[in-house]
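Reader: I'd like to go through the labels on this one and hear what backs each of them. Can we take them one at a time?

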Amino acid sequence: MNYLLRTISLAPVIVPQGIWTNLRVPTLPEPPGPREGSAGAGPPLKLLIVGDSAAAGVGVSHQDEALHGQVVSRLTGRYSVEFALHAKTGYTTADILRRLDDMAPRDFDVALTSLGVNDVLALTGRDTWLERQARLRQVLREKFGVRLSVLSGLPPVHSFPALPQPLRWHLGSRATEFNEVLDRAVDTDPDTRLVNLRFSADASMMASDGFHPGAPIYSEWAERAARIILSHEADAAARREWNNHPS
């Protein structure tokens, strides 16, 4: 069934559930900690992280435990990492595009994104979301010089304990659909990689609100993202070495 038609047919049930969930689920703060800085030693690597409340680290007590802190810690063994985090609770892809438009141009090597859940909650159309995601990658390349965009897939919304059924199933199926179409859209893009977040996570690994990641999930997410970045940078270094010293 078409998602919009399904939403309309389920509205008498899921609208009250959505209101009840918003009233019941506690609002967790974005954790303290530096959002710009540098760490590590070695060749320079400039990292930009953009996105929503998960990118902002909601669910843990400090940015060191959050996505950007854990990614940076995995990169500093090989690189001198200059990082910048631009994220806010509630941000959709459209919100991030507006924020990037307002920012002055600045060069980064790698961008890591966390977007999509709020687009699902805002009932953003699938094609509209794909267009905005494509625009985001274009802005990252052309305005910020990004050589690699690492897009985080949508998490397994269908398993979020904060959401009652059938709202959980309804939103989860939409998140799965967004994941699938984004995967196909970037499959042939040599400068884009998708981080799969569809790993099993029980309630003990999530934040106290039953909606955001806890430290163990951020850790696994950061591990997967860092592996992609390290592999890409190693391949790029090997290509440069080959071009400078061909056999």
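This is a predicted model: local features need pLDDT of at least 70, side-chain atom pairs count only at pLDDT 80 or more; totals for chains, interfaces and linings use all residues.

Reader: Which residues of α4 are buried?

Author: Thr93, Ala94, Asp95, Ile96, Leu97 and Leu100 are the buried ones in α4.

Reader: And what makes threonine 92 buried rather than exposed?

Author: Threonine 92 has a relative accessible area of 12%, and buried means under 20%, so the label "buried" applies to threonine 92. You'll find threonine 92 in the loop between β3 (80-87) and α4 (93-102). Leaving out residues up to four places away in sequence, threonine 92 touches Leu115, Asn118 and Asp119.

Reader: Why is asparagine 2 called partly exposed?

Author: The relative accessible area of asparagine 2 is 47%. Exposed needs over 50% and buried needs under 20%, with partly exposed in between, so asparagine 2 counts as partly exposed. Asparagine 2 lies in the segment before α1. From C-alpha to C-alpha, asparagine 2 and phenylalanine 108 are 40 Å apart in space, and in sequence they are 106 residues apart.

Reader: On to helix pairs. Why are α1 and α7 called oblique to each other?

Author: Helix α1 (residues 3-24) and helix α7 (residues 167-186) pack at an angle of about 125°, and their axes are 9 Å apart. Roughly perpendicular covers 65 to 115 degrees and roughly antiparallel needs over 145, so α1 and α7 are oblique. Their crossing is left-handed. From α1 the contact takes Tyr3, Arg6, Thr7, Leu10, Ile14, Gln17, Gly18 and Thr21, and from α7 Leu167, Trp169, His170, Leu171, Ser173 and Arg174. Sorted by class, that contact of α1 with α7 has six nonpolar, six polar and two charged residues.

Reader: What makes α6 and α7 oblique as well?

Author: The axes of α6 and α7 cross at roughly 45° and come within 11 Å. Roughly parallel would need an angle under 35 degrees, and roughly perpendicular starts at 65, so α6 and α7 are oblique to each other. The crossing of α6 and α7 is right-handed. On the α6 side, the contact is made by Arg126, Trp129, Leu130, Gln133 and Arg137; on the α7 side, by Arg174, Glu177, Phe178, Val181, Leu182, Ala185 and Val186. The classes here are seven nonpolar, one polar and four charged residues.

Reader: Last one: how many residues are in the largest nonpolar core, and which have the most contacts inside it?

Author: That core has 52 residues, and Leu47, Val71, Leu75, Val150 and Ile229 have the most contacts inside it. Helix α8 (residues 215-244) gives the most to this core, nine residues. There is also a second, separate core of 16 residues, with Val50, Tyr91, Ala111 and Phe144 among them.

Reader: What does valine 150 touch?

Author: Setting aside residues up to four places away in sequence, valine 150 touches Val110, Ala111, Leu112, Thr113, Arg193, Val195, Ile228 and Ile229.

Notes
Residues are numbered from 1 along each chain as its sequence is written. Side-chain values use heavy atoms; hydrogens and water are left out. Helices (H or I, at least four residues) and strands (E, at least two) are DSSP runs, numbered from the N terminus. Buried means under 20% relative accessible area, exposed over 50%, partly exposed in between (1.4 Å probe, protein chains only). Contact means heavy atoms within 4.5 Å. Axes are lines fitted to C-alpha atoms, for helices over the stretch in contact, and angles run from 0 to 180 degrees between N-to-C directions. A crossing is left-handed if the near helix is turned anticlockwise from the far one by less than a right angle, and right-handed if clockwise. Ala, Val, Leu, Ile, Met, Phe, Trp, Tyr, Cys and Pro count as nonpolar, Asp, Glu, Lys and Arg as charged, and the others, Gly among them, as polar. A nonpolar core is a set of buried Ala, Val, Leu, Ile, Met, Phe, Trp, Tyr and Cys residues joined through side-chain atoms within 4.5 Å.
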